[in-house]
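Please look through the sequence and the model shown below before reading on. The paragraphs that follow move from single residues to the chain as a whole.

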Amino acid sequence: MILGMRLLARWGIAPVLYVHPWEFCELPTIAGVPRRIYWRSGEWMWRALAAILDEEFEFVTARSVVEGY
């Protein structure tokens with residue numbers, strides 16, 4: 001994800017980081033929910049977010065990006 005964000009920024013495209021609140025929770029196993037949903041949620045997502053925020057990106061609101069166009 002970080003590599004993709006860097007490439008977009010280099011091309012002049014504002015990367016958008018969009019997450020759902022449930023992605024930061026440890027989810028209970030629910031019948032019918034694909035296993036891949038559990039791999040990228042909970043503690044993994046907190047570590048991923050911390051790694052992204054440690055990067056030297058300038059984080060702004062979506063509104064400021066839209067108003068800039």
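Is Phe-57 buried or partly exposed? At 21% relative accessibility, Phe-57 counts as partly exposed, given that buried means under 20% relative accessible area, exposed means over 50%, and partly exposed covers what lies in between, with a 1.4 Å probe and protein chains only. This is a predicted model, in which local features need pLDDT of at least 70 and side-chain atom pairs count only at pLDDT 80 or more, whereas totals for chains, interfaces and linings use all residues. Residues are numbered from 1 along each chain as its sequence is written, and side-chain values use heavy atoms, with hydrogens and water left out.

The protein chain holds four helices and zero strands, and from the N terminus on its elements run α-α-α-α; helices here are DSSP runs of H or I with at least four residues, strands are runs of E with at least two, and both are numbered from the N terminus. The protein chain is more spread out than a compact globule, because its radius of gyration is 15 Å, well over the 11 Å that the globule rule gives for 69 residues. That radius is taken over C-alpha atoms, and the rule is 2.2 Å times the number of residues to the power 0.38. Along the principal axes, the C-alpha atoms fill a box of roughly 45 × 20 × 15 Å, and 13% of the 69 residues count as buried.

A search of the whole structure finds two aromatic pairs, where rings of Phe, Tyr and Trp (its six-membered ring) pair if their centres lie within 6.5 Å, and where planes under 30 degrees apart count as stacked, over 60 as edge-to-face and the rest as tilted. Phe-24 and Trp-46 form a tilted pair, at 4.7 Å centre to centre and with 55° between the planes. This pair links distant parts of the chain, since Phe-24 sits in the loop between α1 (2-10) and α2 (36-39) while Trp-46 belongs to helix α3 (residues 43-54), 22 residues apart. Phe-24 is buried, with a relative accessible area of 18%, whereas Trp-46 counts as partly exposed at 46% relative accessibility. Phe-57 and Phe-59 form the edge-to-face pair, with 6.1 Å between centres and 75° between the planes; Phe-59, at 40% relative accessibility, counts as partly exposed.

The loop between α1 and α2 also holds Trp-22, which is partly exposed with a relative accessible area of 37%. Not counting residues up to four places away in sequence, Trp-22 touches Leu-27 and Ile-37, a contact being heavy atoms within 4.5 Å. The C-alpha atoms of Trp-22 and Gly-42 are separated by 8.2 Å, although the two residues are 20 residues apart along the chain.

Ser-41, in the loop between α2 and α3, is buried, with a relative accessible area of 5%. Ala-51 and Arg-36, in turn, are 15 residues apart in sequence and 21 Å apart in space, C-alpha to C-alpha. Ala-51 lies in helix α3 and, at 32% relative accessibility, counts as partly exposed.
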